[in-house]
Amino acid sequence: FGSSARPAPATLLFLPAPIEPGRPAAMAAPPEKKQKTGEEDKPEEETAAEDAEMKDEEAKPKEEVPKAPEPPKELEVDAPACSKPKVKDTMCFLTPDTTLNVLQSEHNNVLMSLNEGGIRHLYAGARANIGVKAGRYLFEVKIVEFVTVPDLPNTGNRTVMMKNMVRVGFSTAGSSLVLGCGTENICFDSLGGMMHNDHKDKHVGAKCDRDSVMGVLLNLEKDSPNFNTISLFKDGQRVSQPMKLPESLQGKTLFPHVSFKNATLHVNCGPAHLAPLPFSCRLVQDASKADAVVTKYEEPKAGKYEVLFPAGLPDEGTFDWLDGFLEKNNSYMELSDRAILSWAAQSGIWRSRGHGPMSSNDRPDRNFHVPELDDDSVKRAVYAMAPMQGRNYVVMEVRGNLLKDERTQILSHFDPALFRRTACVVMGEPPAEFKKKSQQIMLQQKQEASDKLFEAKKLEERRKKMLAKKQKELETIKRKAEFEKKKVEFEKKKQEWEEKKKAAEEKEEKFEEEEPKEPEEEAPEEEKDADEDEKEEEPPKAELTDEEKKVFFVARDTKDLTPMVMSASFPKFSVPSKEDGFDDVRYEWAKGPKSEKYLKEWILERKLNTRVEDLQPSAWFSQQWAKWGTATKAWHHKMTEYRTALGQKSAAKAAREAKKAAAKKAAEEKEKKEGEDQKVGEEKKEGEEKEEQKKEEAAAMEVDEEDEEPFDFDAVDVFGAEDILNVGAATPLFKEFQPEDWAMMTLRFELHVLTHAFRRDVDDPERLGIHLDHLAFYYQRYFKKNLTPRDFGVDTFANLVDLVNDCVFVTPQKVLESQLSAELETFGAFVKVTEEARRYRTLRLALGEESAELKLSGSAFYGQRAHKKQWNSHQNQGGGRQQKGDWQQKGDWQQKGQQKGDWQQKGDWQQKGQQKADWQQKGQQKGDWQQKGQQKGDWQQQQQQQQQQ
């Protein structure tokens, strides 16, 4: 809508006579004489002084008060008789030069505006078909009525609160239909102001009410003193002085133009006046053919106007193509939300902010804080009025034109008997002209960003220089102060020395004190500012890289569609065809099948990297999640029973040992009390009895030790265990699990079930799975909690998945994939995998690999806090691994190895791997867990079958 530069306000051609130089604007009144009351009390000297002062004031010449300036003389004269040929066309308002809310009569140019709903707040505009490029001409506008509209609550939007307004003026062909916007028009309003380029000069004219006749006089006569001026008359009387035309309008053909809201106007261009002026003047309808230009539009082909439906992919130059098309074809009117917002902006309606997070180019935020404007009433009125008016349209709906149902619905508004409905497919690689323009815009954006960075850098450097300069100035001031201080001290010492010397000379004594030396330091000179000689540095010129030159479309901060709308709509995008009801399908870029192929590839790519915003977990997922909760609850209950049993065994063993110790002590005391004088026979007999008792006790101890035969848990084959709740001696496979092991096992299951649930819920074979970039989004959507890699001690989601790559992994397409089947009989596989990972991690830590340590924190323990508390409680009660013989309680891992046979005693870990086979070789000897799964019909075989399918 034209340049944003605002020219200087138009000035009055005639001004009041200037006041003479040196003459004051107003004469100050002489001071009043004091009343001579109580003069008998004043001294004679004071009375005489006052009399003399009064005489001096009376002797001064009195200055005259200037009179109010007389109104300037009217320089417009009567129009001479003209015998030149006149315009034959009748002045009217052609439909392409009016806004959609203008209703005009068939005769006499009576104009009305729509006054219902939000559209009543928008200005109606109409430009006449006859313009003038020379001469002096007038057109008149009578305000027939001001429509009464209901009051609105105070919304802070001042433009909306202005109910009735009329603007009259002149504009150039093809400019904005709302007067006052841009540099290509100038106007007066009914409040007495003048507007140009969104700037209003108040109190230029007079207020006009109902039944007032506003006359606008345009003077383009070169010989006239009012050449290139515009004036306003009310009821035939001048209410504004001739206002100079802005430079942007001089030398151009100007057309009569009106803009109004909530009003009815009668526009009169001749031949007779509604309100004659003080001088004779010709109306626009009476213009000479040589002074006038008549606007004409080509008749539509086959008597039908055209409606275009551009179908372009989001963020691939659709709006850029439209802007270029409208620039070349100004007879087309855009129908879109952005066009409505532009209309509201030209009407001066204020918005609270621009594009918000839920805004897009296709559906921008309104935020007018006016209910009638924030709803869709304006859009409904536009689509209701457009099919009734004969003109060409461009229906710009990015999403709607790509969806068959919506474009068919919009298509039904336009009668095929009156409009030719054409689909414009804007897909594929654009032509060279479009690429060149896109690169120019990208270069401009890059240059602007570079200039901002350059200015910021310059400001920072300037700030540092000013800081350094200030520091130097402070140092200079400090040195000067020190020098002055030394100089004062020197003067003082020298004066004292001279006094002492003089006193010694008077006493004729020998004076040997050395004369003080003057400080040699000189006052530092002020340094010159180095910035004064520096030349103004120009910002660097930006250039596009080779990669940027390969980009065809300009990236905008605001996208064409919001992520929510995009994800819900793009799978259903299709190329328009005649089957949809179009009369013609025009391919602007890629032709025919190439556009369809391009769209299909585009959709497949978006299915891989676009989130499904409206995805909801299914019942299958809820069942699996509930089963998992039941299983983990049973496992934790088993751990509680196991630790309780260990505590009971430990307590019973301690009681037996205490009982044996007490019996032994009692026997020793009894034996000591017996006298030495007993007979040898008795002693022998008693000795035999004691020997038999000892044998019985030893046999009982052997029985106890046999009952507590140690169970070698480390020798258990993890993947060979048939029952994870009892791998031997009523010991569960997860007996060594710490809270972090439970957390990692839960993460394995969550990622596993998430991959399968996503495929089931999306139900789209073209979606390969969850893209790694969207893992956090889907995790939160399904589990209602956040997934943060830092809580698991890693920085990226790729590293997070790598922690559990024994269950899930990332494909080369960055898609999450599970190694387990979707349908599992039990969840024991997750316990086995987690136990194997724990053993391998423990081995690596024993070898000094600190990187093997899990560093979990925060929400990684979500759901494990209650079990962690319970686990700590068992430790405090003496249960669990501590009573079983935890390596921390009985000694570290070296002591544990010594008690049960350390792995070093059995051989180095390599030797142990040779004896038992390495953990990988062991899997091969006993049947690798994946191969074993194939033999037993394990989850791996089922997953491989799915991959083969």
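Helices (H or I, at least four residues) and strands (E, at least two) are DSSP runs, numbered from the N terminus. With that naming, N262 is found in the loop between β14 (255-261) and β15. This is a predicted model, in which local features need pLDDT of at least 70 and side-chain atom pairs count only at pLDDT 80 or more, while totals for chains, interfaces and linings use all residues. Residues are numbered from 1 along each chain as its sequence is written, and side-chain values use heavy atoms, with hydrogens and water left out.

**Confidence**

- The protein averages a pLDDT of 81, and 76% of the residues score at least 70, where pLDDT is the predictor's confidence in each residue, from 0 to 100.
- Residues 1-42 keep a pLDDT under 50, and for them the model has 49 contacts beyond four places in sequence, a contact meaning heavy atoms within 4.5 Å.
- The pLDDT is also below 50 over residues 868-944, a stretch with 103 contacts in the model beyond near neighbours in sequence.

**The open sheet**

- An open sheet is formed by 5 strands in the order β18-β19-β17-β20-β21, with parallel pairing; two strands pair if DSSP finds at least two bridges between them.
- β18 (332-335) and β21 (584-587) stand at the edges with a single partner strand each, so one side of each is left without a neighbour in the sheet.
- Neighbouring strands of this sheet are turned by 25 degrees against each other on average, direction ignored.
- Strand β19 (residues 392-395) runs parallel to β18 and is joined to it by 4 bridges, and M333 stands opposite Y393 in β19.

**Helix packing around α14**

- Helix α12 (residues 619-673) packs against helix α14 (residues 739-762) at an angle of about 165 degrees, with their axes 10 Å apart; axes are lines fitted to C-alpha atoms, for helices over the stretch in contact, and angles run from 0 to 180 degrees between N-to-C directions.
- That angle makes α12 roughly antiparallel to α14, since angles under 35 degrees count as roughly parallel, over 145 as roughly antiparallel, 65 to 115 as roughly perpendicular and the rest as oblique.
- The crossing of α12 and α14 is right-handed; a crossing is left-handed if the near helix is turned anticlockwise from the far one by less than a right angle, and right-handed if clockwise.
- Among the residues that make this contact are W620, F621, W625 and W628 of α12, together with W742, M745, F749 and V753 of α14.
- The residues of the contact of α12 with α14 divide into 11 nonpolar, 4 polar and 2 charged, where Ala, Val, Leu, Ile, Met, Phe, Trp, Tyr, Cys and Pro count as nonpolar, Asp, Glu, Lys and Arg as charged, and the others, Gly among them, as polar.
- α14 also packs with helix α17 (residues 828-846), at an angle of about 135 degrees and with their axes 10 Å apart, which makes α14 oblique to α17.
- α14 passes α17 in a right-handed crossing, and D741, M745, R748, F749 and H752 in α14 meet residues of α17 including F830, V831 and R841.

**Helices α3 and α8**

- Helix α3 (residues 318-328) and helix α8 (residues 432-506) pack at about 110 degrees with their axes 11 Å apart, which makes α3 roughly perpendicular to α8.
- By class, the contact of α3 with α8 has 2 nonpolar, 1 polar and 5 charged residues.

**Backbone details**

- Phi of N262 is near 55 degrees, a positive value in a residue other than glycine.
- The peptide bond from G270 to P271 is cis, with omega near 5 degrees, and P271 has its place in the loop between β15 (263-268) and β16 (292-294).
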